[in-house]
Amino acid sequence: LIFASKMASTSEPSTSHDPMDQISMLSDLHAVAGRHFGQRQLLKELDERRQRMREAERELKKDRAPRTTWMTFGHTTTFIALPTPTALKITANDRKEIDTTIDEVREEVKRSANELLQKQGNRDLEERGFFLKDIHS
């Protein structure tokens, strides 16, 4: 009898048994999960692009690098000859932009993971300590 009263007081809140509510909840969960995994895929692609930019910078910084470098911008087939120092500046700026974008996408991934956990009824990331701030900020 004591055990039964403890279970009754610690049980989870009842959820709706209406099929339409359950379908709506699963639909929301599926949408959040799809967005989350899309953001993670974008993060992977950006990281690969950042790695290619690092490799390009490393090659351009070598002593045997040519005085001019052929570069293409965007998804065009047009190549432009640039002095190697200029090409280095462009790749460094692109890498910084990619780093900034990666940081923004990481924050979006955290938010979507948090939303996904909340919709599943689990502890959110804040309770798990993922949104800690620096003392100096």
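Let's start with helix α3, residues 84-120. At 1.5 Å a residue, its 37 residues should span 54 Å. Its end C-alpha atoms sit 52 Å apart, which agrees. Keep in mind that this is a predicted model.

What happens just after α3? There, G121 takes a positive phi of about 85°.

Now the strands. β1 covers residues 68-72, and β2 covers residues 79-83. The two run antiparallel, and five bridges join them. Which residue in β2 is the bridge partner of W70? That partner is A81.

Together, β1 and β2 form a hairpin. Six residues lie between the two strands. In that turn, look for G74, with a positive phi of about 75°.

Stay with β1 a moment. This strand has a covered face, made up of T69 and M71. Its uncovered face has T68, W70 and T72.

Last stop, E57. This residue is found in helix α2, residues 19-61. Is E57 buried or exposed? Its relative accessibility is 6%, and buried means under 20%. So E57 counts as buried.

Which residues is E57 in contact with, leaving aside its neighbours within four places in sequence? Four names to find on the structure: L88, T91, A92 and R95.

Terms used. Residues are numbered from 1 along each chain as its sequence is written. This is a predicted model: local features need pLDDT of at least 70, side-chain atom pairs count only at pLDDT 80 or more; totals for chains, interfaces and linings use all residues. Side-chain values use heavy atoms; hydrogens and water are left out. Helices (H or I, at least four residues) and strands (E, at least two) are DSSP runs, numbered from the N terminus. Buried means under 20% relative accessible area, exposed over 50%, partly exposed in between (1.4 Å probe, protein chains only). Contact means heavy atoms within 4.5 Å. Two strands pair if DSSP finds at least two bridges between them. The expected span of a helix is 1.5 Å times one less than its number of residues.
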